[in-house]
Amino acid sequence: MIAYLIIREGSKWTDVFRLVEGQNVTIGRAPTNQIVIKEDRCSRYHAEIFLSQGVWTIRDLDSRNGTTVDDSPIRGDQALTPGNIIRVANSQLAFVNDLSAAFPDGSSSSNHLFDSSVDVEQTVAGFDSEHVLDIAEPTNITHRRQQTRFLKPEREDSKESSVVPRVGRAAARLCQLAFELAQQADIIAVSNLALEGLFESTQVDSGAVLLIPRTFKGPATEKDLELISSRTDKLPVYHRISRFLANTVLREGEAVLARNVTDDSRFGSRDSKGDIHATSVLAAPIRQNGKVIGLIHLYSTDTGRIPDPEDLEFTLAVAENVALALKNLERQKELTETISQSMVEIDELRQRLGAESNIVGSSPLILDVQNQIARVAPSRATILITGESGVGKELVARAVHFASTRKKGPFVCLNCAALSESLLESELFGHEKGAFTGATDRKVGKFEAAHRGTLMLDEIGEMSEAIQAKFLRVLEGHPFERVGGNDAVQVDVRVIAATNRDLEKEVERGRFRRDLFFRLRVVEVNVPPLRKRPEDILELASYFVQKFNAETGRKILGFTQSAIDDLQKYRWPGNVRELKNVIERAVVLNQSERISTEDLALSNLTASGDTAELNATKSGYEPLSLADLEKRHIGATLRATGWNKSRTAGILGIERSTLDRKIRRYHIQPPTEA
C-alpha cells in the first residue's frame, strides 16, 4: 500500500516522500533518518512510520518535545488516515495516499491540507503522480570531468545560490575549503584560509586560530595556546579567548556556542576599558587522534548577527579539516627532514667512498691513468691493472667501477694470493651444503655476490691452472656450478684483474694460461710506481696528513723543509702504501706542529725497479769514469721521462738548476725528430 508524505518546513513546501510497503521510515535530526529535520526541537530519532496490518501507523520514539497528529499529541502507536497533518517541531507532514487529493484542482495551493495563515511561497504546479515519482527517483545521471563544481568559487550573483538550501551551500563550501586547505604550504596559510572560509559562511566578525606547541607535554590550558593568526572585520581588534571558554574546550574536547554573552566575563575578554564587545561566541577544538591540539575561536560583536547551531556545526567541520591539513604539513615536514638527513648521510658516505676511491696526484703519469679510466669505464671490457705492490691498483679498480654504468651495483674484491686452491675456488664460485668438511651451509661465491656489478681479482697471477680454466669459462659468458653442486649459475659481472707480476713472462714459463692472459688483457692499465712520479709525493703526503688529522684529532700543519727533501729523495720501494703508513706514524707520534725528518721512518730497502737496473748493470761490466757513468745515467733518465727535466731532477734527487748545469757540462742533446 503506497502513500505519501508532503513535507513543509515553516511556510515552504520542501519535499514529497513516498511510503513503500515493507519499509519503515524514521523522522529525526540525525542524518541517518530517512526524513531529516534540522531543528533543535526535533530529537535525533523523533518518530517512526510503518505499515501494520494494512494500515500506516506512526509511533513517537520518546522524543523530547513530542509528536502531534492534527494538533493532538500521540501516545504510543496511532493509525494514520489520509489528510492527517503530522507536526514535528516546526515542520508539518501531510499524509495522503493519492496526490490528486492533495492538489484536487491541479493548482499549486495546498492550504486545504496545511491549516496555516501564512501564504505558501513555493508551490508545486501541475504535478501528477508520475512526475512526483520522477522527482523521488531520478533516472538521469549527470557527471563532470576534471573538476567538480563544488571546488569552483561561488559568485555572489549566482542564481543557484538563492535556491540551494543553506546546508547544501555549507557542504559545498566545506568541500572547496578542505581541498584548498590541503594545498597550503605552512601553518599560517592554513589558519588564514580557515578564517576566511569561516567568516564567509558564519555569522561572526572576529576570530582566531590558536594551537598548542608541538613540543608541549602534559595537560594544556589557555596560557599554553599560541595565536597563529587572527582576523577582525571591524573594530575593535580581536580579543583573545577567555580562560573559562578555552579551558572548557581543551578539557572537554567539545565545541561550544554561547549567545547573548554581553558582559559575561566567562565567555568574553575585557578590553583596556573593561568592556566586553562579544555578543555571541563559539569555539571548536582542533583534534588529532582524539587529542586536542588547538582551537578555533570566533565571536560576533553585532547583535544583529548571531551565530546559530549550523554555524557551530560548520566551524567544527572546518576545525576537523584544519587538523587534517596540519597533520599533512607535519608529515611533509617529517618527510623533508628525513630526506634531508638521508641526503646528508648519503653525501657523507659518498665523501668517504670518494676518499677511498679518489686518485690523488697531478703528475702527467697519473693524469694519463685517470684519462684511461675515463675512457674504459663506460665499456664492458675486461681490464688488467698492472703495477708494483702498493701503487693503488684497487683504487684504480674502484674508480673504474664508480665511473661505469654499474656504479649502483656491488663492488667485490678478492685477493687470490691469500687463499689456497680449494678455498679460492669456494670463494669464487661458492659451494653447496656438504660439499666438503666444514661446509655446513650453502655459500654464495664472489661471482654471484658481484652480480650486475664489478669483481676485482687482485694478484691474479697466483691463481692455480685448474681454477684458471674454470675462471676462463665464466669470463667467456658460460654459467658455472658451485662446488659440490649441479645447478648452473649465470651471472652478469665485469671482471677487473690486477697483478704485480709480469704475466707475459709467467705465460712463457708455463705458469699462466695463454688464452686467459689474452682474455684478461682486453684493456691494460699500468699504474706507475711512486718513484717515477715524484711530483705527486708531496701532494700525497699532504693528503694523508689531512686524512689522519681528521681521524686522530691532531692539528699537524705540514712538513719541515728537511722532511720535504727526504720525502722527495726517498725511492719509496713500498710505493703509496708505504708513504701512507709513514705519514700515519708521523702524525700519531709527532709532538710539534710540523713533521720533521726525525718523524719519518724510512727503510733501507731498494725498490724492485732499482734491483732490476742493478742486475742489468752487473750482467755486463764496462770500465767507465764516474763522469761518464753520470752522463750516461742522466741521459738515460732524460730519455725515460721524455726529457721532462722536473721529473728527471726528482728521480735523480737534484735541483732543476743542477740538472741544467750538468746537461750543459756533458753536452747532452735531446733526440732530433725524424
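Here are some notes on side-chain contacts, surface features and backbone details in this predicted model.

1. Ground rules. Because the model is predicted, local features need pLDDT of at least 70 and side-chain atom pairs count only at pLDDT 80 or more, while totals for chains, interfaces and linings use all residues. Residues are numbered from 1 along each chain as its sequence is written, and side-chain values use heavy atoms, with hydrogens and water left out.

2. Aromatic rings. A search of the whole structure gives nine aromatic pairs. Here rings of Phe, Tyr and Trp (its six-membered ring) pair if their centres lie within 6.5 Å; planes under 30 degrees apart are stacked, over 60 edge-to-face, and the rest tilted.

3. Charges over rings. The criterion is NZ of Lys or CZ of Arg within 6 Å of the ring centre and within 35 degrees of the ring normal. Arg665 lies likewise over the face of Tyr666, at 5.7 Å from the ring centre.

4. Cysteines. The search of the whole structure returns zero disulfides (pairs of cysteine sulfur atoms within 2.5 Å). For Cys413, which is in no disulfide, the nearest cysteine sulfur is that of Cys416, 9.0 Å away. Cys413 counts as partly exposed because its relative accessibility is 29%, whereas Cys42, at 0%, counts as buried. The classes used throughout are buried for under 20% relative accessible area, exposed for over 50%, and partly exposed in between (1.4 Å probe, protein chains only).

5. The structure holds 30 salt bridges, each a side-chain nitrogen of Lys or Arg within 4 Å of a carboxyl oxygen of Asp or Glu. In one of them, Asp77 and Arg59 bring their closest N and O atoms to 2.6 Å. Asp77 belongs to strand S9 (residues 77-79) and Arg59 to strand S6 (residues 55-60), so this pair ties together parts that are 18 residues apart in sequence. Both ends count as partly exposed, Asp77 at 42% relative accessibility and Arg59 at 30%. Helices (H or I, at least four residues) and strands (E, at least two) are DSSP runs, numbered from the N terminus.

6. A salt bridge from loop to helix. Lys443 and Glu427 meet through their side chains at 2.4 Å, N to O. Lys443 sits in the loop between helix H10 (421-429) and helix H11 (446-449), and Glu427 in helix H10, so the contact ties together parts that are 16 residues apart in sequence. Which partner is buried? Glu427 is, at 18% relative accessibility, while Lys443 is partly exposed at 29%.

7. A charged network. Arg501 pairs with Glu506 in a salt bridge whose closest N and O atoms are 3.2 Å apart. Their salt bridge is part of a network of shared partners made up of Glu462, Arg501, Glu506, Arg509 and Arg511. Glu506 counts as buried at 6% relative accessibility, and Arg501 as partly exposed at 31%.

8. A nonpolar surface patch. Leu335, Ile339 and Met343 together expose about 290 Å² of accessible area in a nonpolar patch. Patch members have over 30% relative accessible area and no salt bridge; like charges are joined within 9 Å, and nonpolar side chains (Val, Leu, Ile, Met, Phe, Trp, Tyr) within 5 Å. The areas come from the Shrake-Rupley method with a 1.4 Å probe; for residues, only the protein chains shown count as cover. Leu335 is found in helix H7 (residues 309-357) and is exposed, with 53% relative accessible area.

9. Backbone details. Most residues other than glycine have a negative phi, and most peptide bonds are trans. Against that background, please look at the cis peptide bond from Leu235 to Pro236, with omega near 0°. Pro236 lies in the loop between strand S13 (226-232) and helix H6 (243-252).

10. Positive phi values. Asn575, in helix H17 (residues 575-589), has a positive phi of about 60° although it is not a glycine. His667 also has a positive phi, near 55°, in the segment after helix H21 (656-666). Are these residues buried or exposed? Asn575 counts as buried, at 0% relative accessibility, while His667 counts as exposed, at 62%.
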